[in-house]
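Here is a brisk tour of one protein model, stop by stop. Keep the sequence and the 3D view side by side as you read.

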Amino acid sequence: MELSKREEPLSGRVVALFMVLCVSGMTAETARYSVPEEAERGYFVANIAKDLGLTGEELSARQARLVPEGEKQYLQLNQHTGDLVVREQMDREELCGQSEPCLLRFEVLLESPLQSFRAEVSLIDINDHAPMFLNKEIVLKIPETAMPEARFLLESAQDPDVGNNSLQHYSISSNEYFHIYTRSRSDGRTYPELVLDRALDREQQAEVAFIVTAVDGGSPPRSGTALIRIVVLDINDNIPVFTRSLYKVRVLENSSPDTLVVAVSASDLDSGTNGEIAYSIVQNSEESHQTFKINSDTGQIRIKKPVDYEETKTYEIDVQATDGGGLSAHCKVEVQVEDMNDNAPEVIITSLTSTLSEAAPPNTVVALFNVQDRDSGDNGRTSCELAGEQPFSITLLAADAYALVTSEALDREQVAEYNVTVQARDEGLPALSVSKTLFVRLLDTNDNAPTFTQAIYTMVLSENEPAGTSLGRLSATDADEGKNARVRYTLERPSSKGHPVASFVSVEAETGIVRALCPLDYEEVRAFEVAVRAADGGSPPLSAQALLRVIVRDENDNAPVVLYPPHNSSAAADELVPRWAPTGYLVAKVVAVDADAGQNAWLSYELAKATERALFRVGLHSGEVRTARAVAERDTPRQRLVVLVRDRGQPPRTATTTLGITLVRDFSDAFLQLNHGTERKRQQQPQVAEEELLTTYLIASLGCVSSLFLLSVLAFSAAKLCRGRLRPRPPSARCYAHGNFPTDGVDASRTGTLSPAYHYEAYLTSASGRSEFQFLKPDLPCPPSSAEVGAGKQKESLCRSRPAGEREAETGSSDLPLAQPFDCSAGRRVHA
């Protein structure tokens, strides 16, 4: 493209132009042309003769020729036609690299008269290079704990082309975990960031692989690809953390190799290999990789080759810190190349107070330092300032002598440590600066009282819990540190309901654990309150107070107590029920109470035993005893009910009461029964309405007979054996009646004896009279022992001394048909 756009010059103007050129010897302006890179040999660029306003013959006559600025000649001039053509193919990337525009400068020299014409050819970039990744396979180790939206820096692709033909954007193949985001640097270059869309799970998929594609803006576009392998790491709790996310440093352009640029620092809270950090530079550009190097252990970034301010003014280095577990973090180092002024100021600390009381007043001296600069003039004049907003200031003491002092009150509880960065700057152009970080730690003073986490602590204690039971823990915090933050707990000494609280609970001074000193009874103490105090260990100590409320929880430790019927009442005829009573007739109401509370005092009633269970029922919650059906003539006149009272505690507790019921035809009958109950009881035989009771008696009688027969055989055998011994003993045999068997080796002679002759009688219903069945026991040779004779005489004397009424009461009992009363007249037990 021809950049000198002028109308065809007139002949007069041409003559005037040549006159000026002849006088000055060179042109006043530069002609500019353009040609695409890698144009073929002979490619037409422009017509020099036309631009000079000369003909081909004049150009040839004046012996026009090209004088290149460099050593190599890429263009050729045809002296006859004035055409400027390509002599040799030109590669813009080889000639100019990333510089834009790429210009080839030359002069057109004319002789006779001598004249020079300055021109330049701009090489137009063509899309002859595809983006290319330095590594065809990129491996990223990402922990499974990485959260969605986390970003990971990828290696940038390299494209030597410039402008639209350079790399424009990145894309990745379809996957369910990541997408890519293309970002631009301040120098116009692009770099990719991998963004996590959903959480990784190493147990489901340990590795994710996809293709990343870098595409330039050419027409047609060209692209390059690389394989990304994401290795999912398993649980590493802490990632490295850089002290700063952006490091800005300056480097002199004449710095020698191995010059330290900056030392990045990252820390990891993990221990072992997971806490060991290795530093590396992410190869975002080949230029940065060739210029800088980093020590993987110390994080020091150094120069590999000298930097040139005119070539590159700023470097951006992406540094990655990776711990032993594979977790990584990134920071950016911005390197500014300084031109001129090759000495930076120096900060020399002459005095430093690294620990400072938080009660220090303003203008307290923290550090003394000098600032020196080896340069002279304006480059050696320095000034100091503090980085960031901190409660410190710098005071000028003398030339280049400064003091770091406090500017306001300090509070260790808000900030315990300070990294005070002192920046020294000279007045050179450009100015150089240096930073010095001073570490200042504040010492604690007891300026904070303990604070309870709660104003009121409510604890629950079950009654009857043993001494030493833990109720809970008090908790108070103190913002101070050391002994000023050491909290001790105590109880105040008020009284509750006449009882000192100190006898109920105690608190451990160091731990704040509240324990019971003695078992408590809910029925006596249901709740109490006590003030607790937390005091720190400062001098003087500061304290805070809270309220401890203890609630005693009821336990089921009381059984129900039956109020009605009372225990001392007679069960013979407590309640009267007429025989005409219908279903649901109210017989009585059992009343019981429970000293417990809540569901432990909820009572229920049930019928445990009854002479006839089908005749009565008990209300579950009311305790009312009612008839379950109408009273029949066949029902036994005397009914005996056992009512069970149960509470709802865990485990439940019970109580029983016996209720006697008499079935009467009218109340006069009931009155006769009450007056003559004892006499009728002696005369009447037990009445059994059901056949089951008779069966029970028969089975018991048969068992007794069988047992006596077996014992007789055993006694006879024993007597035979006794006679055959060398030292014969008096023959003896143990004779037992029903209900008089010895237990646990007790001899029968100690429990009483029976007559050699006795019999058993079985009774049926009252209407059947005496049974004709009599069970006779064969006589055995069982002579009574002396103990038996004594026991018989004792019983006979006892019978004589007792009144007849008592003897009858002992011998007659219709309620216990299987009992064995002693017949005083016969001197033996009477067996039913």
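Val593 lies in strand β46. Strands here are DSSP runs (E, at least two residues), and they are numbered from the N terminus. Val593 is partly exposed, with a relative accessible area of 40%. The scale is simple: buried means under 20% relative accessible area, exposed means over 50%, and partly exposed lies in between (1.4 Å probe, protein chains only).

Val593 belongs to a nonpolar surface patch with Val561, Leu563, Tyr564 and Val591. Together they show about 390 Å² of accessible area. That area comes from the Shrake-Rupley method with a 1.4 Å probe, where only the protein chains shown count as cover for residues. Patch residues have over 30% relative accessible area and no salt bridge; nonpolar side chains (Val, Leu, Ile, Met, Phe, Trp, Tyr) are joined within 5 Å, and like charges within 9 Å. A salt bridge is a side-chain nitrogen of Lys or Arg within 4 Å of a carboxyl oxygen of Asp or Glu. Two elements give two or more residues to the patch: β43 (561-564) and β46 (591-593). The largest share, 3 residues, comes from β43.

## Where the numbers come from

This is a predicted model: local features need pLDDT of at least 70, side-chain atom pairs count only at pLDDT 80 or more, and totals for chains, interfaces and linings use all residues. Residues are numbered from 1 along each chain as its sequence is written, and side-chain values use heavy atoms, with hydrogens and water left out.

## A four-stranded open sheet

What is the order of the strands in the open sheet of 4 strands? It runs β16-β23-β22-β19, with mixed pairing. Two strands pair if DSSP finds at least two bridges between them. β16 (246-252) and β19 (277-282) stand at the edges. Each has a single partner strand, so one side of each is left without a neighbour in the sheet. The twist averages 30° from one strand to the next. Axes for such angles are lines fitted to C-alpha atoms, for helices over the stretch in contact, and angles run from 0 to 180 degrees between N-to-C directions.

β16 and β23 (residues 328-338) are parallel and share 7 bridges. Val249 has Val335 in β23 as its bridge partner.

## The hairpin of β13 and β14

Strands of a sheet pair through backbone hydrogen bonds, either parallel or antiparallel. β13 and β14 take the antiparallel sense, over 9 bridges. They form a hairpin with 6 residues between them. Ala209 has Arg229 in β14 as its bridge partner.

β13 also pairs with strand β10 (residues 167-172). Those two run antiparallel, joined by 5 bridges. Ile172 stands opposite Val212 in β13. Is β13 mostly buried or exposed? 7 of its 10 residues are buried, so β13 is largely enclosed by the rest of the structure.

## Aromatic pairs

Rings of Phe, Tyr and Trp (its six-membered ring) pair if their centres lie within 6.5 Å; planes under 30 degrees apart count as stacked, over 60 as edge-to-face and the rest as tilted. By this rule there are 10 aromatic pairs. One of them joins Phe452 and Tyr489, a tilted pair at 6.4 Å centre to centre, with 55° between the planes. Phe452 lies in β32 (residues 451-452) and Tyr489 in β36 (residues 488-491), so the pair ties together parts that are 37 residues apart in sequence. Both Phe452 and Tyr489 are buried. With Tyr457 they form one aromatic cluster.

Trp580 and Tyr585 have ring centres 6.3 Å apart and planes at 80°, so this pair is edge-to-face. Trp580 is exposed, at 58% relative accessibility. Tyr585 is partly exposed, at 23%.

Most residues other than glycine have a negative phi, and most peptide bonds are trans. Now for some exceptions. A cis peptide bond joins Ser219 and Pro220, with omega about 0°. Pro220 sits in the loop between β13 (207-216) and β14 (223-233). Another cis bond joins Ser539 and Pro540, again with omega about 0°. Pro540 is in the loop between β41 (527-535) and β42 (543-553).

Glu149 has a positive phi, near 80°. Its loop lies between β8 (137-143) and β9 (151-153). Asn363 has a positive phi too, of about 70°. Asn363 is exposed, with a relative accessible area of 60%.
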